[in-house]
Amino acid sequence: MKERDDLAWEVASSYYRQERTMDSIAHDLGISRATVSRLLKHARATGLVRIEIAPRSTGRTALADQIQRGFGVTADVVPVAAGVSELVRLEQVCRVAAEHLDGLLEPGTVLGLAWGSTITEFARHLSHRHMPDSVVVQLNGAGNASRTGIPYTGAILDAVAEAYGSRVVHFPVPAFFDYPETKQAMWRERSIRGVLEVQRGARVAVFGVGALHGAVPSHVYSSGYLEERDYAAIARDRVVGDVCTVLLRENGTWADVELNRRATGPTPEQLARIPRRLCVASGAHRVPALLGALRAGAITDLVIDEATARLLLERAAPARG
């Protein structure tokens with residue numbers, strides 16, 4: 001592997017720094033042009049080569065500026081062609097979000113990660129870049145009455161940890177306890193206190209926003225985590241979605257939502273103690289929950305597609321007057 005990395009470095013240096021052609025590089029090194037192409041692809045995939053496109057002054061930049069002024073966050077608005085499916089839209093947003101995260105990390109970083117359909121896709125697009133002494137910690141429990149959630153969350157955590165060479169810390173609790181008293185008791189256990197302490201040391205967090213309905217259903221609402229009585233309580237409390245399985249109203253309030261007494265994810269107040277909080281969002285169905293998360297102060301960095309950004313600003317406009 002080291003020999004391949006060394007050769008990839010030599011090829012990348014010749015191609016990008018000296019502006020040589022792949023044919024001339026292949027001739028000098030005694031390899032095929034196809035091998036040069038594969039080595040360049042390897043260099044980009046492993047983070048040896050990082051390509052950045054400078055922003056230009058367009059409507060997308062104006063949208064990002066409006067979001068920043070309105071909500072006090074750093075926004076990256078991703079252009080997506082009209083007419084594409086929601087899954088393609090999500091994929092393109094996740095690609096940009098993965099690059100955004102790369103710029104937030106450094107050796108020794110503790111990265112808090114929430115699970116969900118958005119983060120499952122996001123984890124697929126991370127470039128490989130070794131971060132010595134880094135840690136990936138699960139932010140919210142994933143079990144329910146019929147499954148542990150470990151295979152699902154484990155795959156997400158392992159994908160991120162593999163990309164950065166990080167140590168993984170799991171959070172072996174359900175997404176929602178049956179009783180608030182059970183949560184209070186578990187939070188006193190030494191093993192759980194240890195995970196909570198790692199979470200408190202996070203410098204970066206990554207999460208999506210869960211929506212009750214939509215073309216790309218949020219995992220927490222489509223995989224048996226809630227019962228009929230829970231949905232009835234959600235309706236009474238005017239919940240529109242969640243961040244880290246903590247339920248939110250569109251106005252950003254969450255503290256008096258009944259189900260949150262049993263939720264295991266960090267509240268917006270707890271998230272706010274993490275310096276950088278990257279939210280990845282795509283799709284019109286997520287706009288009410290995203291608006292709630294922004295108003296709750298849960299987000300510092302937002303990666304969003306252009307169409308969803310416009311809908312967000314339109315929906316927020318009456319409240320901002």
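**Note on the salt bridges and overall build**

1. The side chains of Arg 89 and Glu 86 form a salt bridge, with N and O 4.0 Å apart. The model is a predicted one. Both residues belong to helix H5, which covers residues 86-102. They sit three residues apart there, about one turn of the helix.

2. The two partners differ in cover. Arg 89 has a relative accessibility of 11% and therefore counts as buried, because the limit for buried is under 20%. Glu 86, at 27%, counts as partly exposed.

3. A second pair to look at is Arg 249 and Asp 256. Their closest N and O atoms are 2.7 Å apart, and the two residues form a salt bridge. Arg 249 is buried, with a relative accessible area of 5%. Asp 256 is exposed, its relative accessible area being 54%, since exposed means over 50%.

4. Arg 276 and Asp 301 form a salt bridge as well, the closest N and O atoms lying 2.7 Å apart. Arg 276 is in strand E9 (residues 276-281) and Asp 301 is in strand E10 (residues 301-305), so this pair ties together parts that are 25 residues apart in sequence. Arg 276 counts as partly exposed at 34% relative accessibility, whereas Asp 301 is buried, with a relative accessible area of 0%.

5. How many salt bridges are there by this rule? The count comes to 16. For the protein as a whole, the mean position of the 38 positive charges and that of the 36 negative charges are 2 Å apart.

6. On the fold, the protein has 14 helices and 10 strands. Its radius of gyration is 21 Å, close to the 20 Å that the globule rule gives for 321 residues, so the protein is as compact as a globular protein of that length. Along the principal axes, the C-alpha atoms fill a box of roughly 70 × 50 × 30 Å.

7. Two further values concern packing and surface. Of the 321 residues in the protein, 50% are buried. The protein exposes about 15700 Å², and carbon and sulfur atoms supply 50% of that area.

8. Last, the contacts. Among contacts with a separation of 6 or more, 73% are between residues 24 or more positions apart.

Notes: Residues are numbered from 1 along each chain as its sequence is written. This is a predicted model: local features need pLDDT of at least 70, side-chain atom pairs count only at pLDDT 80 or more; totals for chains, interfaces and linings use all residues. Side-chain values use heavy atoms; hydrogens and water are left out. Helices (H or I, at least four residues) and strands (E, at least two) are DSSP runs, numbered from the N terminus. Buried means under 20% relative accessible area, exposed over 50%, partly exposed in between (1.4 Å probe, protein chains only). The radius of gyration is taken over C-alpha atoms; the globule rule is 2.2 Å times the number of residues to the power 0.38. Contact means heavy atoms within 4.5 Å. Accessible areas come from the Shrake-Rupley method with a 1.4 Å probe; for residues, only the protein chains shown count as cover. Lys and Arg count as positive and Asp and Glu as negative; His and the chain ends are not counted. The place of a charge is taken as NZ of Lys, CZ of Arg, CG of Asp or CD of Glu.
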